Amino acid sequence: MNQTASAANSSRMASLDLLRLLAALAVVFFHYCFRGKIAGDLDSGYAAAAPFAIYGYLGVNLFFLISGFVISWSAEGRNWQEFSVARFVRLYPGFLVCMTATFVVLAIARDPRFPTDLLTYAANLSMFAPAFGRLAMDGVYWSIMLEIVFYGWFAALIFAGVYPRRKLTIVAVWLAVSALNETLLGSGALRILLVTAYAPFFASGILAYHLVSRGRSPQVLALLAASFLLSCKTITFSQNWMIAHLGVAPSYLHLVAANVAVHAIFAGAILLRSVVRPSPTILMLGGLTYPLYLLHQFIGYILLNALAPHIGKYAAFMLVLAGMLIASFLVWRFVEMPVRKPLIKGLMSVMTRLTAGSRLQLHRYFIPTGQISASPAAQEARSLDRFAGPES
């Protein structure tokens, strides 16, 4: 892959690459400087940083805002097969390597706070280990599962032919159902199936992309306002979780202020999209985000506990953070980048030929032979030409 050419591609938004890295670092800060000690996973804490680090988990909300924007962008002009392949290739290779690395470290460390075994590893290969009654290999995987549910709905809507034609109607219905569930019903099933606790963040990202690509309209602005107001309600979901599991959480007023800041930072990145230009460096920094997110928590806890008694907790923090960034670079550069194009080509070849074969059987019954559409190879070539979008 020509990194310079890729970085210069106008289909990338460099400001969002940087914002993703900021969100990932906020989550790292939260785990290392706040959650680790209070949850009993770290032997040494960082009391001076904890009052600030407690807000770092809102980096996940920022991820969901970015995801709504980028996934809407990625879905433009693609059929459901192309979209699904793009998402799989974006997520699974990096996940497989990082999850395996985490398993190896946990198996060697044998820390009772982070148990694992081969059955847990096998369940995690699905990316949905809890569905098989097993723990996720790392604590951050819950958000990846929600992302996949979100992607699944997008693929289904594209398959049904209603996205992007009915985009605003879909968002409005989703927000209404989410508001009903989060204020009255409290259904755990809906919270998983429709991601209702985080729907306002995904929805705001979708609406932001609509604004950028199609311009303002009263309907979009009203939906954005409704989405933001609902997000001010749903932030209590994570607040309640923190109180139940950690015994402490930011006050509601502070969370609302932080929520405003998260949305403002996201809006700023969108407004600065023409100022921050793509470059190989920014491409690399954005590429660090996903492996850093996957690798940092449990491996980081184990390394911090091992190093802090010998070199001090602050030196351990800097060394572990540097190590996580280097490891993330290696995963991005030597795993995700090299496998992307061959994997897309292979998967699209299989999917195109399967779907083309099914259509061919129908054509033989209903369409004269001379009118059968393009060959599987031609369809595959056209599909591959469309893999130039954001995060493809």
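At what angle do helix α2 and helix α4 pack, and how far apart are their axes? In this predicted model, helix α2 (residues 14–38) packs against helix α4 (residues 58–75) at an angle of about 155°, and the two axes lie 8 Å apart.

## Packing of α2 and α4

Angles over 145 degrees count as roughly antiparallel, so α2 is roughly antiparallel to α4. The crossing of these two helices is left-handed.

On the α2 side, the contact is made by Leu-16, Leu-19, Arg-20, Ala-23, Ala-24, Ala-26 and Val-27. Their partners in α4 are Gly-59, Val-60, Leu-62, Phe-63, Ile-66, Phe-69 and Val-70. By class, the contact of α2 with α4 comprises twelve nonpolar residues, one polar residue and one charged residue.

## Packing of α8 and α11

Helix α8 (residues 167–185) and α11 cross at roughly 25°, and their axes come within 11 Å. Because angles under 35 degrees count as roughly parallel, α8 is described as roughly parallel to α11. The crossing of α8 and α11 is left-handed.

From α8, the residues in contact are Leu-168, Ala-172, Leu-175, Ser-178, Ala-179, Glu-182 and Thr-183. From α11, they are Gln-219, Val-220, Leu-223, Ser-227, Leu-230, Lys-233 and Thr-234. The contact of α8 with α11 divides by class into seven nonpolar, five polar and two charged residues.

## The largest pocket

The largest pocket holds about 1,100 Å³ of space. Its lining consists of 39 residues, and Arg-35, Gly-139, Val-140, Trp-142 and Trp-241 are those nearest the centre of the pocket. Two or more lining residues come from each of α2, α4, α7 (141–160), α9 (188–193), α11 (218–246) and α13 (280–311).

By class, the lining of the largest pocket has 27 nonpolar, six polar and six charged residues.

## The largest cavity

Two cavities of 30 Å³ or more are found in the whole structure. The largest cavity has a volume of about 320 Å³ and is lined by 19 residues. Nearest the centre of this cavity lie Arg-20, Phe-63, Glu-147, Tyr-151 and Tyr-290. Arg-20 of α2 and Phe-63 of α4 also belong to the contact between those helices.

The elements that give two or more residues to the lining of the largest cavity are α4, α5 (80–109), α7 and α13. Of these, α4 gives the most, with seven residues. The lining of the largest cavity divides into eleven nonpolar, three polar and five charged residues.

Conventions. Residues are numbered from 1 along each chain as its sequence is written. This is a predicted model: local features need pLDDT of at least 70, side-chain atom pairs count only at pLDDT 80 or more; totals for chains, interfaces and linings use all residues. Side-chain values use heavy atoms; hydrogens and water are left out. Axes are lines fitted to C-alpha atoms, for helices over the stretch in contact, and angles run from 0 to 180 degrees between N-to-C directions. Helices (H or I, at least four residues) and strands (E, at least two) are DSSP runs, numbered from the N terminus. Angles under 35 degrees count as roughly parallel, over 145 as roughly antiparallel, 65 to 115 as roughly perpendicular and the rest as oblique. A crossing is left-handed if the near helix is turned anticlockwise from the far one by less than a right angle, and right-handed if clockwise. Contact means heavy atoms within 4.5 Å. Ala, Val, Leu, Ile, Met, Phe, Trp, Tyr, Cys and Pro count as nonpolar, Asp, Glu, Lys and Arg as charged, and the others, Gly among them, as polar. On a 1 Å grid over the protein atoms alone, a cavity is a set of points where a 1.4 Å probe fits but cannot get out, and a pocket is an open set with protein on both sides within 12 Å along at least five of seven lines; lining residues have an atom within 4 Å of a point. Grid points are joined across faces, edges and corners, and a volume is the space filled by probe spheres set on the points.
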